[in-house]
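Please read them with the structure open.

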Amino acid sequence: MNDHQLAARVATQAGELLLAVRDELANATEAERKAVGDKRSHDFLMAALAQSRPADAVLSEEGADDPVRLRTDRVWIVDPLDGTREFSELGRHDWAVHVALWESGELVAGAVALPAQGVTLATPDVTPPPAYQGPPRIVVSRTRPPAVALGVCERLGGTLVEMGSAGAKVGAVIQGLADVYVHAGGQYEWDSAAPVAAARAAGLHTSRLDGSALRYNRPDPLLPDLVVCRPEHADALLCAIA
């Protein structure tokens with residue numbers, strides 16, 4: 001099994017586990033669902049990657065950051081449950097599982113499982129979004145849309161699409177349900193590594209707000225801003241941000 005296949009398999013399986021947690025804890029509190037979902041998915045991914053790739057390091061949102069990853073050529077960057085708020089609300093579908101592989105300075109594989117949608121977007125073959133004619137649809141957080149996204153929407157004459165997790169937002173751009181995702185104000189490498197890998201495989205533009213490259217497996221995993229969009233929007237979008 002190659003790295004692309006492994007990323008897709010374990011992300012999908014973690015998603016199936018999370019759907020089972022939702023069913024099991026249907027009568028529990030949202031806080032209980034969040035806590036159990038995070039832990040079970042993290043434990044599953046750590047065990048699965050340790051079994052299949054024992055020599056690789058792992059950076060997980062839910063795990064302790066082991067500095068050995070900075071001396072390792074291969075590091076899996078995972079978010080066991082991206083969008084805990086949405087996961088905890090029964091019936092919502094805008095949450096995800098992220099599994100990406102960084103190797104020697106680059107993202108080389110990644111999978112975003114969208115379990116409640118029955119979809120996994122995985123490298124290397126990610127279908128580009130279908131053609132769309134109309135004002136750019138800019139996907140933003142349903143609870144805290146960043147000011148930069150609101151400003152870009154106004155400057156580009158776009159429309160807003162509210163959604164939960166970062167993986168679901170990037171997934172919406174890949175699937176052709178939105179055209180632009182702009183984030184500012186705080187994220188970490190695990191929030192964007194797998195979505196960026198999948199977006200690149202689909203031919204989308206990915207960068208930081210200033211147009212510079214996204215870098216992963218850094219000593220500080222904070223990676224606070226992100227742009228993912230159809231390539232035809234990239235120049236106008238970055239100008240609007242600037």
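1. Basis. This is a predicted model, in which local features need pLDDT of at least 70 and side-chain atom pairs count only at pLDDT 80 or more, while totals for chains, interfaces and linings use all residues. Residues are numbered from 1 along each chain as its sequence is written, and side-chain values use heavy atoms, with hydrogens and water left out.

2. Domains. The chain is divided into domain 1 (3–122) and domain 2 (137–241); these bounds come from an automatic or database domain assignment. The C-alpha centres of domain 1 and domain 2 lie 20 Å apart. Across the boundary, 34 residues of domain 1 are in contact with 28 residues of domain 2, where contact means heavy atoms within 4.5 Å.

3. Strand 2. How many of the nine residues of strand 2 are buried? Nine of the nine are, so strand 2 (residues 74–82) is largely enclosed by the rest of the structure. Buried means under 20% relative accessible area, exposed over 50% and partly exposed in between, with a 1.4 Å probe and protein chains only. Helices (H or I, at least four residues) and strands (E, at least two) are DSSP runs, numbered from the N terminus.

4. Neighbours of strand 2. Strand 1 (residues 57–60) runs parallel to strand 2 and is joined to it by four bridges; Ser 60 has Val 78 of strand 2 as its bridge partner. Strand 3 (residues 96–103) runs antiparallel to strand 2, with seven bridges between them, and Trp 102 in strand 3 is the bridge partner of Val 75. Two strands pair if DSSP finds at least two bridges between them.

5. Strand 10. In strand 10 (residues 226–229), Leu 226 and Val 228 point one way and Val 227 and Cys 229 the other, and all are buried. In a regular strand the side chains alternate between the two faces of the sheet. Strand 8 (residues 180–183) pairs with strand 10 in the antiparallel sense over four bridges, with Tyr 181 opposite Val 228. Strand 9 (residues 205–207) also pairs with strand 10 in the antiparallel sense, over three bridges, and there Ser 207 stands opposite Val 227.

6. Annotated positions. An unreviewed UniProt entry lists Glu 61, Asp 79, Leu 81, Asp 82 and Asp 191 under "binding site". Although spread over 131 residues of sequence, these positions cluster in space, the largest C-alpha distance being 9.7 Å. UniProt positions are given in the numbering used here, feature names are shortened, and annotations may be inferred rather than shown by experiment.

7. Asp 82. This residue is found in strand 2. Asp 82 counts as buried because its relative accessibility is 5%. Leaving aside neighbours within four places in sequence, Asp 82 is in contact with Trp 95, Ala 96, His 98, Ser 165, Ala 166, Gly 167 and Asp 191. Its side chain makes a polar contact of 3.0 Å with the side chain of Ser 165. A polar contact is a pair of N or O atoms within 3.5 Å; within protein, one must be able to donate a hydrogen and the other to accept it, and residues adjacent in sequence count only if both atoms are side-chain atoms.

8. Asp 191. Is Asp 191 buried or exposed? With a relative accessible area of 12%, Asp 191 is buried; its place is in helix 6 (residues 189–201). Not counting residues up to four places away in sequence, Asp 191 touches Asp 79, Asp 82, His 98 and Ala 166.

9. Nonpolar core. The largest nonpolar core has 36 residues, of which Ile 77, Leu 107, Ile 174, Tyr 181, Leu 204, Tyr 216 and Val 228 touch the most other members. Helix 6 gives the most to this core, with seven residues, and the core draws at least three residues from each of domain 1 and domain 2. A nonpolar core is a set of buried Ala, Val, Leu, Ile, Met, Phe, Trp, Tyr and Cys residues joined through side-chain atoms within 4.5 Å.

10. Met 163. Met 163 lies in strand 7 (residues 159–163) and is buried, with a relative accessible area of 14%. Its contacts beyond four places in sequence include Asp 94, Val 139 and Ala 172.
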